[in-house]
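Please look through the structure shown below before reading on.

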Amino acid sequence: MRRNLKKIITIVLDVVLGIYLVFAFTAFNKPDETANVCTKVSIDIADEAQNGFINAAEIRDRLEKHKLYPLEKPLKYVDARKIEDMLKTSPFVNTAECYKTQNGHVNISITQRMPIVRIKSVNGDDYYLDDKDAIMPNSSYTSDLIIATGYINKWFATHYVSALSKALMGNELWKNQIEQIHVLPDRGIELVPRVGDHIIYLGQLPTSNDRTKRLSLIESFTKKKLTRLEKFYKYGLSQAGWNKYSYINLEFDNQIICKRRSN
């Protein structure tokens with residue numbers, strides 16, 4: 001009987017000690033939200049200099065507009081989840097994380113959506129496409145992104161212009177050399193280079209209803225055409241002169257058709 005009582009007391013003491021340790025650990029690691037107020041807000045935006053769609057000042061304004069900016073507020077009233085959810089409603093935000101620290105700081109980390117091309121269609125549409133083929137609204141963003149012009153509806157932009165832009169942006173030479181994609185009424189593709197006063201005609205892009213296959217086809221098509229162009233640049237234009245031709249047609253395999261510039 002005495003042995004059982006001793007065992008029971010030992011178990012109770014172990015349980016009480018366990019509960020105490022849990023509460024002690026929690027109290028040590030969790031900010032005292034009753035006494036503390038937010039003394040500092042840190043806003044970190046990944047690739048801010050590269051993408052530039054949003055900055056810390058705009059995030060602060062957005063939080064203040066929704067009465068969620070946490071500075072000088074008691075930590076118990078700072079809702080990190082609500083801050084994250086509100087920031088994710090921005091068309092330029094990819095991910096948002098918010099957390100509080102023991103010393104009263106609130107840290108906000110944001111990643112932006114990655115633009116790959118700007119669309120300026122003849123129908124008046126003006127927007128960006130991101131690396132997931134999704135449309136982003138126009139903004140004050142400025143960069144060296146490729147601009148796509150001409151006869152482009154949103155379906156053709158997200159299914160084909162996006163894939164072509166990825167193929168161009170994925171190659172350092174063409175990323176720096178091509179500044180514009182122009183889509184003709186029959187969906188033939190022209191490219192406008194930064195260096196050289198000429199237009200490059202690729203022809204029509206290969207088609208597929210399967211996204212993965214379509215991306216692969218367009219990447220292969222673009223690489224094949226522009227590999228020939230690179231050789232022509234190196235062995236043809238370097239000798240004939242960059243302004244000798246006004247139009248370079250790469251539509252047909254195994255040949256390059258050039259139109260001389262009229263004097």
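A residue is called buried when its relative accessible area is under 20%, exposed when over 50%, and partly exposed in between. The model is predicted.

Asp 130 has a relative accessible area of 3%, so Asp 130 is buried. Its salt-bridge partner is Arg 113, with the closest N and O atoms 2.9 Å apart. Asp 130 belongs to strand E5 (residues 126–130), while Arg 113 sits in the loop between strand E3 (105–112) and strand E4 (115–121), so the pair ties together parts that are 17 residues apart in sequence. Arg 113, at 15%, is likewise under the 20% limit and therefore buried.

Another salt bridge joins the side chains of Asp 126 and Arg 118, at 2.9 Å from N to O. Asp 126 has a relative accessible area of 25% and counts as partly exposed.

Asp 253 and Lys 224 also form a salt bridge, their closest N and O atoms being 3.4 Å apart. This pair links distant parts of the chain: Asp 253 is in the loop between strand E11 (245–249) and strand E12 (257–260), and Lys 224 is in helix H7, 29 residues apart. Both partners are partly exposed, Asp 253 at 41% and Lys 224 at 48%. Elsewhere, salt bridges with shared partners connect Asp 133, Lys 166 and Arg 211 in one network. The count of salt bridges comes to nine.

Now for the nonpolar residues. In soluble globular proteins, nonpolar side chains tend to be buried together. Here the largest nonpolar core has 34 residues, and those with the most contacts inside it include Ile 119, Leu 168, Leu 202 and Leu 229. Apart from this core lies another, of 25 residues, among them Ile 54, Ala 80, Phe 92 and Met 136. What does Leu 202 touch, leaving aside residues up to four places away in sequence? Its contacts are Leu 164, Ile 189, Leu 191, Phe 221, Lys 225, Leu 226, Leu 250 and Glu 251.

Helix H5 (residues 154–169) has a kink of about 35 degrees, centred on Val 161. Val 161 is one of the buried residues of H5, as are Leu 164 and Leu 168. Helix H7 spans residues 211–240 and contains Ser 220. Ser 220 has a relative accessibility of 46%, which means that Ser 220 counts as partly exposed. Ser 220 and Pro 206 are separated by 14 residues in sequence and by 9.7 Å in space, from C-alpha to C-alpha.

Technical notes. Residues numbered from 1 in each chain as written. Predicted model: local features only at pLDDT ≥ 70, side-chain atom pairs only at ≥ 80, totals over all residues. Heavy atoms only, no water. Core = buried A, V, L, I, M, F, W, Y, C linked by side-chain atoms within 4.5 Å. Buried < 20%, exposed > 50% of the residue type's maximum accessible area, 1.4 Å probe, protein only. Contact = heavy atoms within 4.5 Å. Bend = angle between axes of the 7 residues up to and from the residue. Helix = DSSP H or I, 4+ residues; strand = E, 2+ residues; numbered from the N terminus. Salt bridge = Lys/Arg side-chain N within 4 Å of Asp/Glu carboxyl O.
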